[in-house]
Amino acid sequence: MEITFLIGNGFDIGLGMRTQYSQFIPRYIKNGKNKSTVLKDFSEQLGKNIDKWSYFEKQIGEYTLEFSKDNKYDLIDQIEDFEKEFIAYLLEEESKLEFNDPDKIGQFFQETILKFYETLHPESITSIKEVFKTYRASGHNYNFISFNYTQALDKCLEKIPNRKINTRKVSNTTYTDTVGKVVHVHGLCNQFPLIGLNDVEQIKNSELANNPEFVKYLIKPSLNKLHRMGNASNASKMIDTSKIICIYGMSLGETDLLWWNKLVAWLNGGNDRHLIVFEHDDHFSRSSQFGWIRKMDSLIDKLQSYNKNPEIKVDSLRDRIHLSLKDIFAYPLLEKESDNQIESFEHKIEKLQDIVDKTTQIHIGKEEPSNAKEGDIWVQVVE
């Protein structure tokens, strides 16, 4: 049996990486001051509308209204420049991950994958167990479709010994459950990373939307075809053969509408297919009788809005759509800064103390200490 996880940026964030567009944009704005006019204009555009650009891909569609057929390729240059710096930033973040205890890391991900459905509500757990019961006399492959440009997921899965999740005995036959394939549907940092829109309709500039030579640079499905890497087709086949699909760390944004529409069609294709959505929500409370129902309604409505087949009513599939609010893969692999940031300075201070005169005192705090003497070092904590 095939079980597939669609993995988004929430996975990298759960490891401690600062990989959101909104976290990178301030750096790009700062670097834009010394660039050519076209690229500097873009960094200034980001600075004026930083909130809108926190969802970078969606905003590209709106931003096309700023261009005409005469300067349309300036937009491509801007996106390319942004992408280069963003990829460098992601590689920097990825390099910070620490795999100091590979056995412990491997055990965590092995156990989490094996028990992935245990955070669901009781009746949902029963439904998933029924699927496993039906296909108990087969090996289970846990596949992954990553929408991330980093290889953080791959590195975590590599820590599972022999990629083995579990060994089961049914009658007199032994079956092994393993980590299957990992497909990076939008490429990798060093392998044609794709940033763009889902379809032509998301290009708000009608003049440019009608220009095929320009459009091919912005639409992710066409970019995937042009690169001939097979990422999209491999991911599509993986979905088609799955019995259970989990979405983790993804916001179900409209620039990936292609995949949400495919999932609806897949779910409708068999009564033994189940979709599990893991949603991050720090503010959800179980003290209200309406909160959970509203969340499920919102999820159903969003999937219905993406559904292109008028014969499919997503609400009729509700019993096979499950929701969890647990960050099951959250496993920090880099040092977290504390609220006052003092703890995060400790290792830096130790290194600094080694290179200064031992009589020099290093002070840490929000304000310069009154007892500091000439030659002392003050490390200011900024909230």
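Which residues lie nearest the centre of the largest pocket? The views below are of a predicted model.

**View 1. Centre of the largest pocket.** Asn9, Gly10, Gly249, Met250 and Ser251 are the residues nearest the centre of the largest pocket. They belong to a lining of 39 residues. The space inside this pocket comes to about 1,100 Å³.

**View 2. Elements around the largest pocket.** Helices H1 (9–14), H2 (21–31), H5 (72–95) and H14 (291–306), together with strand E6 (274–278), each give two or more residues to the lining of the largest pocket. The biggest contribution is that of H1, with five residues.

**View 3. The largest cavity.** Searching the whole structure gives one cavity of 30 Å³ or more. The volume of the largest cavity is about 60 Å³. Its lining consists of His186, Asn198, Lys220, Pro221, Asn224, Ala232, Thr255, Asp256, Leu258 and Trp259.

**View 4. Helices H11 and H13 at the largest cavity.** At least two lining residues of the largest cavity come from each of helix H11 (220–227) and helix H13 (257–268). H11 has the largest share of this lining, three residues.

**View 5. Residue classes in the lining of the largest cavity.** Four residues of this lining are nonpolar, four are polar and two are charged. Lys220 and Asp256 are among the lining residues.

Note on methods
Residues are numbered from 1 along each chain as its sequence is written. This is a predicted model: local features need pLDDT of at least 70, side-chain atom pairs count only at pLDDT 80 or more; totals for chains, interfaces and linings use all residues. Side-chain values use heavy atoms; hydrogens and water are left out. On a 1 Å grid over the protein atoms alone, a cavity is a set of points where a 1.4 Å probe fits but cannot get out, and a pocket is an open set with protein on both sides within 12 Å along at least five of seven lines; lining residues have an atom within 4 Å of a point. Grid points are joined across faces, edges and corners, and a volume is the space filled by probe spheres set on the points. Helices (H or I, at least four residues) and strands (E, at least two) are DSSP runs, numbered from the N terminus. Ala, Val, Leu, Ile, Met, Phe, Trp, Tyr, Cys and Pro count as nonpolar, Asp, Glu, Lys and Arg as charged, and the others, Gly among them, as polar.
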